[in-house]
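Please look over the sequence and the model first, then go through the points by topic.

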There are 2 protein chains.
Amino acid sequence: MSDWENNVRKIVPYTPGEQPKEKNIIKLNTNENPFPPSPKVDEVLKDIKYTDMRLYPDPDSTELVKAIANTYGVKPSEVFVGVGSDDVLSVAFLSFFNSEKPVLFPDITYSFYDVWAKVYGIDYVTVPLKSDLTIESRDYVRENGGIVFPNPNAPTGLLMSVGDIETIVKANPGSVVIIDEAYIDFGGTSCLSLTKKYDNLLVVQTFSKSRSMAGMRIGFAIGNEKLIKYMNDVKFSINSYTMNRVTILCGAAAVKDQQYYKDNCARIIKTREHTKKALARLGFEVPDSMANFVFVKHKTASAGEIFEELKKRGIYVRHWDKPIIKDYLRITIGTSSDMLKLLGTLEEILGKDTSQVF
Amino acid sequence: MSDWENNVRKIVPYTPGEQPKEKNIIKLNTNENPFPPSPKVDEVLKDIKYTDMRLYPDPDSTELVKAIANTYGVKPSEVFVGVGSDDVLSVAFLSFFNSEKPVLFPDITYSFYDVWAKVYGIDYVTVPLKSDLTIESRDYVRENGGIVFPNPNAPTGLLMSVGDIETIVKANPGSVVIIDEAYIDFGGTSCLSLTKKYDNLLVVQTFSKSRSMAGMRIGFAIGNEKLIKYMNDVKFSINSYTMNRVTILCGAAAVKDQQYYKDNCARIIKTREHTKKALARLGFEVPDSMANFVFVKHKTASAGEIFEELKKRGIYVRHWDKPIIKDYLRITIGTSSDMLKLLGTLEEILGKDTSQVF
């Protein structure tokens, strides 16, 4: 080991889902949207002049921020944008979780939370899910230095009501509560309305799931303008220009075309509900996911083995070796054709018949 | 003040140069390149399918990393890429400046260094420049927790020799030395060759200046693969997918077209040398900048006043209120036509004649 290595921040990083380079894979492992972005994005992309790339982008991403503010009926000063919701959450952790008391999040949840806590030296305590995999809101009414969880939760897909979220936010005026709504557009009710009433609630959303733009890296947060100001102070202390010219323009075009995305979400929800039934017939326990994925456990077969068998046949889903969830698979909802192929392949692996479900 | 505000990380952010939205401004304030990116970038941009945006980008930015590695004759494992060199430097600060001893950088330098140090809680000491505004390499041979400076230095434009850099790197085996070569392509000699010999040297470069792509946010670092591995561990602990699909493809196309950029840099260097002479004739002291800007002080007129007068006439340059450099203006080298307009306007303001310089 070289001398300088004594001063290095050593950390075990988050492992993202595989991004296979092979073609003809059915990719149900990273909750991407099976449909393309709005055609309005294509129009904007075609109009972009490469000659403009020589100039810095607008550091405030004004056009994108305004488009989001208009869509959600808030002020631009109540919107923060970042390089995917991971960037937004990372800045929020750094900005708001700066207490001596531990931050709270569920033991089974988005597996990036503990990584951010470790990299930024934030103390945290994980709160167990209930036996039905739901989050108990009363568990978050106790001393803490901040609260964060996704709603619907990842990777379970299970939703908490806006009323239960309000209980948590109201009970914790001394903490910032971050609700990560990456999957809210697939059937849940957003708690955005609560941001008008509580100045300690930050709601984070992304363009990567319902808006089919994972490849462009856009996330945002909405909250009281004091929260957004603090986040911008931290953001501008790390990187003034995070959103590039193409991203700002394409993102603004996307968010203006709400109906297109609502229709796609409706199609994904329909496919999800069909898929749930088919998986149940194949012997899976299927919690009632409200996201664009299902989190399922087979009654007899091993999740690890199903994962490997699917992969051999060109279907990628997600499996974690973590003890409490090692019996589960997380399967993204693709097109109905993707799901038919998945179900046919599962039949083959498990020796069951699910025909006539779609 | 709300209760939760007690737990907020409060910080004074970096102030980037103005990005005016008005047209017809001569923008010489943020060191952008007056020429467009390579036409190869345009070809790639036109070929991008918006439908691909639904999928996450390659988290390793393989295509861009390989193109940079090929161009600089290093291995892909010796290259780190980020959202502009600010992102790269920020990750490097977080990764390597994790000692109890203070990090060293010049008192007059890129004004983001102390901001990163503050946001990440890194102890630092600034080292005064010599009276001729150069950096004394021997000042960096002392106990420290890391060293960082730009070469050429910002905002002076003054260059340190590769030999002097080697003295610093060699004398500090217990620290990582970061050389920020944002402006190296405008006449300096890169210290990249030293990365083959020393495992504690990290060289950072950007696509924002010589490669005319400030608007796309691409920076990179080259160093020993151990350094790059540590940086990737930190990067993957903050945001797995920082570089979007468009950026990866456009960046790779750009870096492959070296000759185009070399020719542009030669033009900018020629314009810079003419501009230096003309400014000297106007009564400015003109240190020998090797960057795409000059840092100048008028013998009699106030820098703040010249700055305001230029702005009134639609020419933006940069001025800092910081005591030691308040008498200086930093002026980006634009096209020769931009510089003629600048010089004509300065003549008007100062009442001098600089005709026949270009």
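Why does S212(B) count as buried? S212(B) counts as buried because it has 26 C-beta neighbours inside 10 Å; a residue is buried if 20 or more other C-beta atoms lie within 10 Å of its own, exposed if 12 or fewer, and partly exposed in between, with C-beta atoms placed from the backbone.

This is a predicted model, in which local features need pLDDT of at least 70 and side-chain atom pairs count only at pLDDT 80 or more, while totals for chains, interfaces and linings use all residues. Residues are numbered from 1 along each chain as its sequence is written, and chains are lettered from A and ligands numbered from 1 in the order in which they are written.

**Contact between the chains**

- Chain A and chain B each give 71 residues to the contact, where two residues are in contact if their C-beta atoms, placed from the backbone, lie within 7 Å.
- On the side of chain B that touches chain A, the elements giving two or more residues are α1 (39–47), α3 (84–96), α4 (113–119), α6 (225–235) and α7 (245–256) of chain B; helices (H or I, at least four residues) and strands (E, at least two) are DSSP runs, numbered from the N terminus.
- α3(B) provides the largest share of that side, with 7 residues.
- By residue type, the side of chain B that touches chain A has 34 nonpolar, 24 polar and 13 charged residues. Here Ala, Val, Leu, Ile, Met, Phe, Trp, Tyr, Cys and Pro count as nonpolar, Asp, Glu, Lys and Arg as charged, and the others, Gly among them, as polar.

**Domains of chain A**

- Chain A is assigned domain 1 (39–256) and domain 2 (259–350), with bounds that come from an automatic or database domain assignment.
- The C-alpha centres of domain 1 and domain 2 of chain A are 26 Å apart.
- Domain 1 of chain A puts 17 residues into the contact between them, and domain 2 of chain A puts in 16 residues.
- The side of domain 1 of chain A that touches domain 2 of chain A consists of 8 nonpolar, 5 polar and 4 charged residues.

**Helix α6 of chain A**

- In helix α6 (residues 225–235) of chain A, the buried residues are L227(A), I228(A), Y230(A), M231(A), V234(A) and K235(A).
- These buried residues fall within an arc of 160 degrees seen down the axis of α6(A), so they line one face of the helix; the arc is that of the directions from the helix axis to the C-beta atoms.
- An α-helix has 3.6 residues a turn, so residues three or four places apart point the same way.
- The packing partners of the buried residues of α6(A) are β2 (79–82), α3 (84–96), β7 (201–206) and β8 (219–222) of chain A, together with α4 of chain B.

**Strands**

- From strand β5 (residues 147–150) of chain B, I147(B) and F149(B) point one way, V148(B) and P150(B) point the other way, and all are buried.
- β5(B) runs parallel to strand β6 (residues 177–180) of chain B, and 4 bridges join them; two strands pair if DSSP finds at least two bridges between them.
- V148(B) has I178(B) as its bridge partner in β6(B).
- In chain A, an open sheet of 3 strands has the order β9-β10-β12, with antiparallel pairing.
- β9 (284–285) and β12 (328–332) of chain A stand at the edges of the sheet with a single partner strand each, so one side of each is left without a neighbour.
- Strand β10 (residues 293–298) of chain A is joined to β12(A) by 5 bridges, and K297(A) has Y328(A) as its bridge partner in β12(A).

**Backbone details**

- N151(A) and P152(A) are joined by a cis peptide bond with omega about -5 degrees, and P152(A) is in the loop between β5 (147–150) and α5 (162–171) of chain A.
- A cis peptide bond also joins A154(B) and P155(B), with omega about -5 degrees; P155(B) is in the loop between β5 and α5 of chain B.
- S212(B) has a positive phi, near 55 degrees, and is a residue other than glycine. Its place is the loop between β7 (201–206) and β8 (219–222) of chain B.
- N31(A), which is not a glycine, has a positive phi of about 55 degrees and is in the loop between β1 (26–27) and α1 (39–47) of chain A.
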